[in-house]
Amino acid sequence: MSRTSRTPRTPQTLRTPHSPHSPHTPRTPRAFRTSSRRAALFALPAAVLLALVPSTASAYPNPGTVTGSTVVHDPTMIRTSSGRYLLYATGGGLSYRTSTDRIAFGAGGDAFSTKPGWWSSYGTTEAWAPDISYQGGKYLMYYAVSTFGSNKSAIGLAASTTGLPGSWTDYGTVLTSTTSSDHNAIDPNLFVDDNGKWWLSFGSWWTGLKMIQIDPGTGKQLSSNTTRYSLASRPTGTKAVEAPYIVKRNGYYYLFASYDTCCAGTSSTYKVKVGRATSVTGPYYDKNGVALMNNGGTPVLESHGRYIGPGGQSIVKDADGDLIVYHYYDGNDNGTPKLGINLLNWSSGWPVAY
């Protein structure tokens with residue numbers, strides 16, 4: 001689920017393509033990767049009626065108003081050319097939500113009506129932390145397959161011409177990690193640079209967030225560049241950083257990530273932080289000049305009031321600005337994970353949620 005639980009988001013040619021994940025301590029359930037969690041993810045909670053304005057009691061805003069099927073974990077969202085929002089999230093064959101107004105969300109079938117058989121090699125029959133984008137005339141979705149507390153993990157890739165449930169063709173593994181790896185192959189995010197180069201960031205706990213270069217023709221690692229770049233790490237104290245997401249704004253690359261632990265309901269300590277760099281591969285620094293490779297990170301969202309442990313974030317460029325899409329644990333509903341959406345203001349040179 002959240003990218004904390006993400007401790008654990010090939011093809012044929014695609015040109016027209018939680019408790020801690022600590023290597024020593026099994027991570028706690030990342031917000032329901034079990035069947036019970038699956039059931040919770042498809043529950044229909046009461047409408048969350050909140051305003052898109054900052055809270056007077058906190059430096060962090062409440063989520064904007066969303067209603068309907070809003071129980072999600074690790075959401076990724078895209079707006080189609082027709083204006084429909086497609087949202088996928090952790091659970092089952094990657095659970096699906098849709099909306100026409102960014103407020104009322106309905107549920108549908110999973111991305112995969114038949115789950116790929118190779119998932120079972122990683123001890124699971126459900127997938128986590130998807131990442132959806134539209135590239136070269138196709139929707140692409142990278143996703144993670146793993147089990148709590150293990151870095152025997154894999155990142156898979158699927159493609160679709162419509163982006164709708166049941167339409168996805170799976171292309172198998174893009175990247176894997178084993179119990180002897182110093183990293184964890186989960187929580188993928190695809191970034192396409194202005195020059196057409198493709199990069200996949202990923203990771204959870206262990207030695208932190210990583211990146212590889214991707215071949216746009218296959219969706220897999222570029223054979224001429226096998227470097228695994230390091231983006232963010234917590235060398236002292238907890239290793240809890242995961243769920244990278246990169247965007248480029250005003251000449252800088254911004255790396256968003258989820259820090260601390262998810263999937264513990266109202267005891268979750270998840271929060272979203274950011275750093276920026278002049279190169280996609282880093283080094284990334286926070287607002288105070290602290291390197292993200294050395295525990296750095298400027299807060300974007302943290303717990304306040306009933307909105308506990310925001311994280312598992314993705315960024316969506318919409319008609320009215322950038323959105324940060326995430327889950328939080330509802331303190332007024334027994335810690336149920338729910339959808340949060342806020343706008344981002346970049347006028348200070350750093351993303352500020354409102």
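A disulfide is a pair of cysteine sulfur atoms within 2.5 Å, and the structure holds 1 of them. This is a predicted model, in which local features need pLDDT of at least 70 and side-chain atom pairs count only at pLDDT 80 or more, while totals for chains, interfaces and linings use all residues. Residues are numbered from 1 along each chain as its sequence is written, and side-chain values use heavy atoms, with hydrogens and water left out.

**View 1. The whole protein.** Here you can find 1 helix and 21 strands (DSSP runs numbered from the N terminus: helices are H or I with at least four residues, strands are E with at least two). Of the 354 residues, 62% are buried (under 20% relative accessible area, with a 1.4 Å probe and protein chains only).

**View 2. The largest nonpolar core.** A nonpolar core is a set of buried Ala, Val, Leu, Ile, Met, Phe, Trp, Tyr and Cys residues joined through side-chain atoms within 4.5 Å. The largest has 19 residues, and F112, Y143 and W168 have the most contacts inside it. Strands β3 (85-89), β7 (138-145) and β8 (153-160) each supply at least two of its residues; β7 gives the most, with 4.

**View 3. The disulfide of C262 and C263.** The sulfur atoms of C262 and C263 lie 2.2 Å apart. Both cysteines are buried. The torsion about their S-S bond is about -60 degrees, so this disulfide is left-handed.

Key:
Buried means under 20% relative accessible area, exposed over 50%, partly exposed in between (1.4 Å probe, protein chains only).
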